[in-house]
Amino acid sequence: MSFISSCQALSLFWFRFSAPQANKGTGLKTDEVQLLKATLRPLTTTVTAAQMDCNLRPYQEEVVQAALRGENSIIWLPTGGGKTRAAVYITKKHLETTTNAKVAVLVNKVHLVDQHFAKEFKPYLGSICKMTAISGDSNEKDLFGSLVRASDLVICTAQILENALINMEEEKHVELTDFTLLVIDECHHTQKESVYNKIMGRYVEKKVRKEGNLPQILGLTASPGTGGNRQLDKAVEHVLQICANLDSVIVSTKNFTPVLQKVVPRPKKQYDIVEKRALDPFGDHLKVMMLMIHEFMPSTVSCSLREMGTQEYEADVVELETKGVKNENRLIAQCALHLRKYNDALLINDTVRMVDAFQGLDEFYNSRKTKLLDGTDVFLQGLFDENRVELKQLASNARYENPKLARLQRTLQDEFKDEKSRGILFSKTRRGTRCLFDWVNSNTALQRVNIRAGSLTGAGTGANHMTQNEQKETINHFRKGILNLLISTSVAEEGLDIPECNLVVRYGLLTNEIAQQQASGRARALNSVYSVVAEEGGREIRREHINEYLESLTAKAIDQVQQMSPRDFRRKITELQQIAVMIRIQAEKKKDEKKQRYSPGQVQFQCRGCFLLVCGGEDLRKIENTHHVNINTEFERHYRAGGQVVLERSFEDWEPGRVISCKNCGKEWGMEIKFKKVVILPCLKIKSFSLKTPGGKSTPKKWKDVEFQVKEFDFIEDMSSRFPDLD
């Protein structure tokens with residue numbers, strides 16, 4: 001199509017959506033439509049030749065054909081291969097050829113909403129359709145249903161759509177059938193309990209029930225994986241399950257592989273091996289202290305714990321703490337809690353600096369000095385206090401520092417000799433990421449090669465979390481070159497598009513083949529380096545080799561699925577979908593039964609830190625199916641309010657108040673919220689409590705796991721006692 005004819009088609013398209021009758025069938029009044037159009041208008045731009053052209057490479061043209069025929073499909077291309085650009089092209093054609101077209105582009109991370117909007121969809125489609133981008137930090141999400149009805153294309157996190165599917169308020173609610181095309185980014189996550197699979201579970205159930213008008217599906221992935229399977233037949237089953245969950249075929253290039261390999265060169269992989277630490281007096285001293293805690297507990301308990309300083313030991317003490325809580329044995333529960341802190345210190349000592357490990361312990365014990373309840377607390381606090389000075393001295397001795405850091409320093413120095421270098425350093429935990437950031441910024445040798453580092457972790461309100469705005473700012477600074485080294489958790493593994501990145505370092509990580517492929521794919525520049533920094537003979541190296549095998553196994557499994565006859569493929573997919581629907585219905589039934597197991601009056605809440613009985617199930621209410629509050633004014637005498645909680649965005653009906661904690665032991669319970677600007681209610685974290693029921697004690701991790709039905713909050717009914725004049 002020529003540029004002139006494209007403009008003619010565009011003018012007809014724009015007229016169709018700008019005409020006065022555009023609000024027919026939307027359920028909106030004319031003034032509401034005009035208001036929403038005004039909201040969306042800044043997202044549209046002037047038509048240019050660049051915006052009209054969405055040229056594809058030959059391998060991209062090959063993989064879009066199924067979608068252009070209207071078939072559900074998964075595009076499998078490596079990171080950097082242009083999956084999103086292919087999706088833009090398909091979306092453009094869909095909008096041009098489908099009557100009343102409406103597209104949703106779903107992503108699994110907040111920062112990808114802005115990236116897809118600004119870098120891909122807006123430049124190419126911003127002038128031919130009404131488009132909006134919505135994520136968890138967007139106030140517009142509270143009008144999601146209305147925005148969808150006034151838009152042609154919506155880019156949002158999958159959770160936003162999931163919330164809208166279950167929310168029945170008119171301005172928030174949508175149906176799957178409101179859309180004609182769903183684009184699902186990083187679609188390999190469409191399995192098990194993921195939000196993608198919740199959305200597609202509804203889709204598949206509607207399909208099995210033969211309900212019509214379902215949208216076309218387009219999945220995008222660089223790494224379907226094998227589901228942890230190491231045999232080809234099991235890997236094939238995993239790929240087929242992903243296809244069934246997305247009701248899609250999986251397509252990849254067959255005719256233009258050399259072109260793809262030229263466009264997406266694989267980085268040079270190097271193993272930066274470190275000899276095992278010869279002496280570790282700091283770690284050894286921590287282990288001696290842990291053994292003293294073992295001896296403080298019953299011998300039958302400590303003998304079942306595995307090797308200190310491992311993930312297995314952490315799992316053991318987490319389970320031990322839960323047992324202690326259920327049996328109301330505070331000695332065991334508290335010893336297990338403290339042993340986990342010491343094990344965390346060993347893991348940090350093995351990853352970053354000794355001083356980082358010491359600082360974490362020091363902060364933990366400083367926070368507990370004034371909250372000693374019994375002899376167990378006195379023993380545990382005294383043990384640390386007696387050894388604090390010696391631990392600090394050992395942590396400050398450079399002779400025993402972590403050798404991995406010296407190896408990492410050489411790798412960074414080598415790559416950043418070129419002042420144009422840009423790299424990502426992946427670490428496992430938020431705390432580890434923060435410690436590496438501090439190490440880089442205090443390292444004079446790294447400063448001499450002009451490394452400008454920033455840290456990137458998951459969004460949240462904890463000490464090592466970032467706000468969503470901080471995430472966006474850090475990524476933007478990295479894109480612009482203000483920062484040239486990003487120290488990140490897995491949040492940057494998927495989707496982050498930085499073409500100039502020429503170094504990826506995986507530092508002490510044990511992950512699966514999907515994470516390895518995703519991380520490797522962040523190195524986009526020519527002659528890039530993918531470095532694995534690990535201890536000689538360590539589990540990280542073995543895991544990397546296993547992942548390399550699983551990556552090749554994934555390709556073989558996909559090839560085998562693609563070679564199935566259309567009839568056999570469709571028969572297998574239908575069978576898997578019918579099974580999935582039956583399992584889903586049964587799971588929902590069990591979930592409902594579990595919620596009805598006890599009446600609210602049969603459930604008592606105890607503080608997890610001291611076992612103090614503080615409230616009953618009948619005192620609780622839920623707001624917006626998310627916030628669980630205690631409406632009993634007597635509850636206030638059990639907690640102490642602390643510092644103000646600051647969140648970066650505002651909410652429709654509530655605002656955050658102060659942190660609340662147990663007045664008896666100091667265990668943090670949640671925060672106060674100010675509802676409707678009128679009443680202050682304590683909002684509780686379920687993991688801070690144990691629940692006493694006729695069937696025994698339970699320690700649910702999430703509110704969805706409690707075994708009674710929490711009533712919906714009714715402002716007039718539940719607050720009448722606080723406002724007697726209204727009766």
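Helices (H or I, at least four residues) and strands (E, at least two) are DSSP runs, numbered from the N terminus. On that basis, the protein chain contains 26 helices and 24 strands. This is a predicted model, in which local features need pLDDT of at least 70 and side-chain atom pairs count only at pLDDT 80 or more, while totals for chains, interfaces and linings use all residues. Residues are numbered from 1 along each chain as its sequence is written, and side-chain values use heavy atoms, with hydrogens and water left out.

**Overall fold**

Of the 727 residues in the protein chain, 52% are buried; buried means under 20% relative accessible area, exposed over 50%, and partly exposed in between (1.4 Å probe, protein chains only). The accessible surface of the protein chain is about 33700 Å², and carbon and sulfur atoms account for 50% of it. Accessible areas come from the Shrake-Rupley method with a 1.4 Å probe, and for residues only the protein chains shown count as cover. Among contacts (heavy atoms within 4.5 Å) in the protein chain between residues at least 6 apart in sequence, 71% join residues at least 24 apart.

Most residues other than glycine have a negative phi. Lys210 is placed in the loop between helix H10 (195–208) and strand S6 (216–221). Asn450 is placed in the loop between helix H21 (444–448) and strand S10 (453–456).

**Accessibility of individual residues**

The table lists relative accessible areas for residues discussed in this report.

| Residue | Relative accessible area | Class |
|---|---|---|
| Lys210 | 75% | exposed |
| Asn450 | 40% | partly exposed |
| Lys404 | 4% | buried |
| Cys129 | 1% | buried |
| Cys335 | 0% | buried |

**A buried lysine**

Lys404 lies in helix H19 (residues 403–415). Lys404 counts as buried because its relative accessible area is 4%. Not counting residues up to four places away in sequence, Lys404 touches Val274, Asp350, Tyr507, Val533, Glu535 and Glu540.

**Cysteines**

A disulfide is a covalent bond between the sulfur atoms of two cysteines. With the criterion of a pair of cysteine sulfur atoms within 2.5 Å, the structure holds zero disulfides. Cys129 is buried, at 1% relative accessible area, and Cys335 is buried, at 0%.
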